[in-house]
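Let's take a walk through this protein together. Open the model, keep the sequence beside it, and follow along from one landmark to the next.

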Amino acid sequence: MTDIQQIVPSARSAGRGFHAYSAKHLDVLTARAGLAADERLAVRAVAAVLPFRTNSYVIENLIDWAAAPDDPIYRLVFPQPDMLPAADVARLAGLIAAGAPQADLRAAAHEIRMRLNPHPAGQLLLNAPSLHGRPLPGLQHKYPETVLFFPRQGQTCHAYCTYCFRWAQFVDEPDLKMATDDIGTLVAYLGEHPEVTSVLITGGDPMIMGEPVLRRYIEPLLDPRLEHLESIRIGTKSLAYWPQRYVTDPDADATLRLFSEVVDSGRTLAFMAHFSHPRELEPPVLAEAVRRIRSTGAVIRTQAPLIRSINDDPATWRAMWRTQVRQGMIPYYMFVERDTGPQDYFAVPLARGYEIFRDAYQGVSGLGRTVRGPSMSATPGKVCVDGVTDVAGLRVFVLRMIQARDPRLVGTPFFARFDPAATWLTDLEPVFADRFPFEPSSYETVPDELPGLWPDEPDELMVPAI
Ligand code: SF4
């Protein structure tokens, strides 16, 4: 890394040895992966639309440079030259090569982003809560028992995943971002919603925040008046991208004390830890970070999407789940890549996804079979592909709602016509019924207490509110 430091110094944070690399380092780093000049230009074109950031730990400890650019961790963090439609990449590459004004590049990037469904599953409209008639930006309330909170200082990550479904949080588009620093309003909202038993603090990555800032968000949630709050969850990939956060960072011990305080308050503190590949579990510093977090009484559940060319084989998932169980973590979800950003590039067909899940699941002990999937986080809820089978001579997908906007649908099984190419719920057609259970005319009337549940024009809800 000495060469890169000499050519383009990275951003470094005092006292913890964290060096961040951004788009301005791409040319040097992709040259190290052996990319030719035109491929490097194409990567920079993609990075004008989708975010790029990585750090010294990922570069030095996780990526196998001898295998780059095919190495799965390289593909996890580095944009690929063909991740976007060829015409878009050529247009942006042309602008970059011609030294076009930044305003032109930004305008072209904006136009492409708007075609990438930046907020899937109706996030901005369907999930937006309000308090006394006032909308609450930076909060989402999709399922009755869980509220998502997006702390303003937590809307970045130690590194960005190429397939991220929250990519819109990280690009230069203020209108696409969800964030707030108003913890008081969250507490007031929770006070009026006794049905909420869990708050998920998410991002970005909330663990990018230092302990004093994290404490400002978490302490108010421990108020005894919020006794209906049973758990606080933290959605994070810090264990994979910067495990030093819990071991050697200057505020590591203070952070662990904060975790203990949550547990001592009588609530569960759950890490929803994102691991994409077993290599992320290998460094000794990761094992030590897991051990230290668990010593506070917090639990670590693991999850990741199934991604073509990164983790789309059963052996990868089996190795991840077995190592996680060995290290004391709880396998929780295999997700289907969501319908946003470069989904076309990374998606694995549902039929193949089911086979990968089944074959991996067969190779773990009962302690690893806590995992669910492959699951689609879609507009009506989380839909799990439970199987592919033949019913009355017809090949079908067996599906199940494992979470739903309408709580009455949780646990509901249903069928869809088998389609080997389908990659998302919207690709599927009902079979043995004229509609899926979450579609509106399944009910005689739409219940009043579920406003916005059945939009008249669902397609419009996929367009960001800009
Ligand atoms: S860590 Fe999570 S939020 Fe951050 S880039 Fe990766 S998938 Fe997105």
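Predicted model: local features only at pLDDT ≥ 70, side-chain atom pairs only at ≥ 80, totals over all residues.

Pro69 sits in the loop between α4 (56–62) and α5 (72–77). Residues are numbered from 1 along each chain as its sequence is written, and side-chain values use heavy atoms, with hydrogens and water left out. Helices (H or I, at least four residues) and strands (E, at least two) are DSSP runs, numbered from the N terminus.

There is another cis peptide bond to find, between Gly373 and Pro374, with omega about -10 degrees. Pro374 belongs to strand β13, which takes us to the sheet.

This open sheet has 11 strands in the order β6-β7-β8-β9-β10-β11-β12-β13-β14-β15-β16, with mixed pairing. Two strands pair if DSSP finds at least two bridges between them. At the edges stand β6 (139–143) and β16 (413–417), each with a single partner strand, so one side of each has no neighbour in the sheet. From one strand to the next, the twist averages 30 degrees; angles here run from 0 to 180 degrees between N-to-C directions, and axes are lines fitted to C-alpha atoms, for helices over the stretch in contact.

Now look at strand β11 (residues 299–306). Six of its eight residues are buried, where buried means under 20% relative accessible area, exposed over 50%, and partly exposed in between (1.4 Å probe, protein chains only). On one side, β11 runs parallel to β10 (residues 268–274), joined by five bridges, and Met272 stands opposite Arg301 in β11. The chain gets from β10 to β11 through helix α13 (residues 284–295), in a right-handed β-α-β crossover. Right-handed means that, with the strands pointing away from the viewer, the path from the first strand over the helix to the second runs clockwise. β11 also pairs in the parallel sense with β12 (residues 330–336), over six bridges, and Pro305 has Phe335 in β12 as its bridge partner. Here too the β-α-β unit is right-handed, with helix α14 (residues 314–326) between the strands.

Ser309 is partly exposed, with a relative accessible area of 22%.

How do helices α10 and α12 pack? Helix α10 (residues 211–218) and helix α12 (residues 252–264) make an angle of about 15 degrees, with their axes 9 Å apart. They are therefore roughly parallel to each other; the cut-offs are under 35 degrees for roughly parallel, over 145 for roughly antiparallel, 65 to 115 for roughly perpendicular, and oblique for the rest. Among the residues that meet here are Leu214 and Ile218 in α10, and Leu258 and Val262 in α12, with contact meaning heavy atoms within 4.5 Å.

Leaving aside residues up to four places away in sequence, Arg113 touches Ala48, Val49, Pro118, Trp167, Val171, Asp172 and Glu173.
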